[in-house]
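Look at the charged side chains here. Where do they pair up, and how exposed are the partners?

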Amino acid sequence: MPAWVEGKLFFYADSPPRRLMELFSVKWSTMVLHALSHWPGERARTGELQRSLQGISKKMLFQTLKELEMRGLIARHVYDVIPPKVDYRLTPLGRTFAEPIEQMYQWGLENESALDKMEACYQAASR
């Protein structure tokens, strides 16, 4: 938990909020988890994911998938067929993270005008 020190809130490096934000610091992590949570059977092949996530490069997708796999949020399944076939699936732990991500994405859909205003402020300030 964050700690109150002399009336101020401190987020120590090992606090749960900071650890959660590590996941969100990788741009595509939440989008991959969100996509998999809505995919039939909560699994998808690499090419399917890349086509559904406009703007992600193949390299970035592979890096993101590898990191999510290392964190235990997705599992890589290799089929014993030729040509090789691989898909990625949410793990039970990944499903735990998919729920709050869904809530955040829903908030974004419901508050698109606030997001537009934020972007307009940023664009105006960067001129």
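**Salt bridges in the model**

This is a predicted model, where local features need pLDDT of at least 70, side-chain atom pairs count only at pLDDT 80 or more, and totals for chains, interfaces and linings use all residues. Residues are numbered from 1 along each chain as its sequence is written, and side-chain values use heavy atoms, with hydrogens and water left out.

How many salt bridges does the structure hold? There are four. A salt bridge here is a side-chain nitrogen of Lys or Arg within 4 Å of a carboxyl oxygen of Asp or Glu.

Start with R95 and E42. Their closest N and O atoms are 2.4 Å apart. R95 sits in helix α5 (residues 92–110), while E42 sits in the loop between α2 (29–38) and β3 (43–45), so the bridge ties together parts that are 53 residues apart in sequence. Helices (H or I, at least four residues) and strands (E, at least two) are DSSP runs, numbered from the N terminus. R95 is partly exposed, at 39% relative accessibility. The classes use relative accessible area: buried is under 20%, exposed is over 50%, and partly exposed lies in between (1.4 Å probe, protein chains only).

Next, turn to R71. This arginine bridges to E67, with the closest N and O atoms 3.0 Å apart. R71 is partly exposed at 34% relative accessibility. E67 is partly exposed too, with a relative accessible area of 24%. The pair belongs to a network of salt bridges that links E22, E67 and R71.

Finally, take R89 and D87. They form a salt bridge whose closest N and O atoms are 3.0 Å apart. Is D87 buried or exposed? D87 is buried, with a relative accessible area of 4%.
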